[in-house]
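Visitor: I would like to go through this model with you. Could you put it up for us?
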Amino acid sequence: QPLMLGVEDLQVTYGVAPINAGASMQLAPQRFYTAVQVAALPDVAFEGVNYPPWDQVTAVRICMMTRTLGNTRVQDKITEARTYLDCTDETPQTYAATDRSLRKRHVQVFALRNRLTQTY
């Protein structure tokens with residue numbers, strides 16, 4: 001059931017910054033995970049503090065795929081298939097030959113004030 005016209009896909013993923021025992025703690029995420037994948041991550045201990053999976057999340061990435069409601073493109077003059085990147089795994093998807101809509105992928109990353117155990 002569509003919630004909003006023109007929104008074809010909406011994905012939320014969570015950025016986990018690495019915690020290297022004996023080295024350092026970073027705040028920039030190295031990889032983005034789904035909620036199920038984050039929940040399955042192991043606890044990590046660093047400098048006497050135990051970090052459960054959700055405490056390791058330092059960013060949220062939102063990807064939204066929008067699509068025009070009508071036929072907005074004229075027929076392609078090129079012989080190559082037109083493609084776009086999807087939100088699920090960022091793989092190229094090919095437009096159907098009869099699809100005259102336009103798609104746009106919007107991606108935004110938000111930093112979280114998580115893991116605030118540092119002293120300044």
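Visitor: To start, among contacts between residues at least 6 apart in sequence, what share join residues at least 24 apart?
Guide: The share in this chain is 62%, a contact being heavy atoms within 4.5 Å. Please note that this is a predicted model, in which local features need pLDDT of at least 70 and side-chain atom pairs count only at pLDDT 80 or more, while totals for chains, interfaces and linings use all residues. Residues are numbered from 1 along each chain as its sequence is written, and side-chain values use heavy atoms, with hydrogens and water left out.

Visitor: Which elements does the chain have, and in what order?
Guide: There are one helix and eight strands, running β-β-α-β-β-β-β-β-β from the N terminus.

Visitor: How do the strands pair in the open sheet?
Guide: Four strands form an open antiparallel sheet in the order β2-β1-β5-β8; two strands pair if DSSP finds at least two bridges between them. The edges are β2 (31-33) and β8 (103-111), each with a single partner strand, so one side of each has no neighbour in the sheet. From one strand to the next the twist averages 30°, where axes are lines fitted to C-alpha atoms, for helices over the stretch in contact, and angles run from 0 to 180 degrees between N-to-C directions.

Visitor: How many bridges join β1 to β5?
Guide: Nine bridges join these antiparallel strands. Tyrosine 14 stands opposite valine 60 in β5.

Visitor: And threonine 13, buried or exposed?
Guide: Threonine 13, in strand β1 (residues 7-16), is buried at a relative accessible area of 13%. Buried means under 20%, exposed over 50%, and partly exposed in between, with a 1.4 Å probe and protein chains only. Beyond its neighbours within four places in sequence, threonine 13 has contacts that include Phe32, Tyr33 and Val60.

Visitor: Changing topic: which cysteines form a disulfide?
Guide: Cysteine 63 and cysteine 87 do, with their sulfur atoms 2.1 Å apart; the criterion is a pair of cysteine sulfur atoms within 2.5 Å. Cysteine 63 lies in strand β5 (residues 57-67) and cysteine 87 in the loop between β6 (83-85) and β7 (92-94), so the link ties together parts 24 residues apart in sequence. The link is left-handed, with -70° about the S-S bond, and both cysteines are buried.

Visitor: What does methionine 64 touch?
Guide: Leaving out residues up to four places away in sequence, methionine 64 touches Val7, Asp9, Leu10, Cys87, Lys104, Arg105 and His106. Methionine 64 is partly exposed, at a relative accessible area of 29%.

Visitor: How many salt bridges does a search of the whole structure find?
Guide: The search finds six, each a side-chain nitrogen of Lys or Arg within 4 Å of a carboxyl oxygen of Asp or Glu. One of them joins glutamate 8 to arginine 103, with the closest N and O atoms 2.8 Å apart. Glutamate 8 lies in strand β1 and arginine 103 in strand β8, so this pair ties together parts 95 residues apart in sequence.

Visitor: Which of those two is buried, and which partly exposed?
Guide: Arginine 103 is buried, with a relative accessible area of 16%, whereas glutamate 8 is partly exposed at 36%.

Conventions:
Helix = DSSP H or I, 4+ residues; strand = E, 2+ residues; numbered from the N terminus.
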